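Subject: A structure for you to explore

Hello! Here is the structure I promised to pass on. Please open it next to this email and look up each residue as you read.

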Amino acid sequence: MRRFLLWLLVLLLLAGCFARPEGKESFKEAPAFRQPLLGGGELNFPADCRGKVTLLIFFSPNCPACVQELIALRDQFSSWEGQGVKIFLVAPEPPSVLTSFLQEYNLKVPVVLDPQGTVGSAYGVTGIPLSVWVDKQGRIKYKSLGWRAGKEKEFASWVAKLTQE
């Protein structure tokens with residue numbers, strides 16, 4: 001049963017690879033979680049990120065839209081981190097798959113391990129890539145499902161707005 005639920009989660013996540021991009025504003029509290037990080041340590045969210053803007057990107061290495069998004073944003077990540085934004089990728093895949101993916105695409109972003117899909121469920125992930133922007137007070141401000149060219153400009157405007165609040 002557990003294996004079936006994991007496969008169901010992966011299939012639902014992959015279905016989002018073909019979803020139409022959306023953006024919406026929200027102001028609810030970000031669900032709290034404590035999960036291990038790839039390579040060691042853990043993230044106690046949102047407590048570990050209070051006072052910082054945080055971007056959570058729910059993805060899978062098997063999702064073409066996810067790969068496009070991460071490649072497009074890769075060069076922005078260090079700039080955004082310099083402005084005080086914490087960035088985390090969240091994925092249900094095994095550590096070996098994620099490590100290989102990060103190396104292949106030269107991504108230097110912490111990855112939250114979510115093998116049971118509990119974080120994805122808490123955030124209502126129905127498709128990927130899903131980018132969740134959390135403000136300095138721990139409230140979800142924006143959610144963006146899917147990827148399209150030029151979306152990095154929209155994200156940059158959100159960074160400017162959220163870091164000034």
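Let's begin with strand β4 (residues 53-58), which is mostly covered, as six of its six residues are buried. Buried here means under 20% relative accessible area, exposed means over 50%, and partly exposed is in between (1.4 Å probe, protein chains only). Strands are DSSP runs (E, at least two residues), helices are DSSP runs too (H or I, at least four residues), and both are numbered from the N terminus.

Before we go on, a word on where the values come from: this is a predicted model, in which local features need pLDDT of at least 70 and side-chain atom pairs count only at pLDDT 80 or more, while totals for chains, interfaces and linings use all residues. Residues are numbered from 1 along each chain as its sequence is written, and side-chain values use heavy atoms, with hydrogens and water left out.

Back to the strand. In a regular strand the side chains alternate between the two faces of the sheet.

What are the partners of β4? Two strands pair if DSSP finds at least two bridges between them. Strand β5 (residues 85-91) runs parallel to β4 and is joined to it by six bridges; leucine 55 stands opposite isoleucine 87 in β5. To get from β4 to β5 the chain passes through helix α2 (residues 64-82), and this β-α-β crossover is right-handed (with the strands pointing away from the viewer, the path from the first strand over the helix to the second runs clockwise). Strand β7 runs antiparallel to β4, with five bridges joining the two, and there phenylalanine 58 stands opposite leucine 130.

Now for the aromatic rings. How many aromatic pairs does a search of the whole structure find? The search finds twelve. Rings of Phe, Tyr and Trp (its six-membered ring) pair if their centres lie within 6.5 Å; planes under 30 degrees apart count as stacked, over 60 as edge-to-face and the rest as tilted. Phenylalanine 101 and tyrosine 105 form a tilted pair, because their centres are 5.1 Å apart and their planes are at 50°. Phenylalanine 101 is buried at 4% relative accessible area, whereas tyrosine 105 is partly exposed at 22%.

Why is the pair of tryptophan 133 and phenylalanine 155 called edge-to-face? Their ring planes are at 75°, with the centres 5.4 Å apart. Tryptophan 133 sits in β7 (residues 130-134) and phenylalanine 155 in helix α5 (residues 151-164), so this pair ties together parts that are 22 residues apart in sequence. Tryptophan 133 is buried, with a relative accessible area of 0%, and phenylalanine 155 is buried with a value of 0%.

Lysine 141 counts as buried, at 7% relative accessibility, and its side chain is joined to that of glutamate 165 by a polar contact of 3.4 Å.

Finally, the overall picture: the protein has five helices and eight strands, and buried residues make up 48% of its 165 residues.

Enjoy exploring!

How values were computed. Polar contact = N/O pair within 3.5 Å; in protein donor to acceptor, adjacent residues only side chain to side chain.
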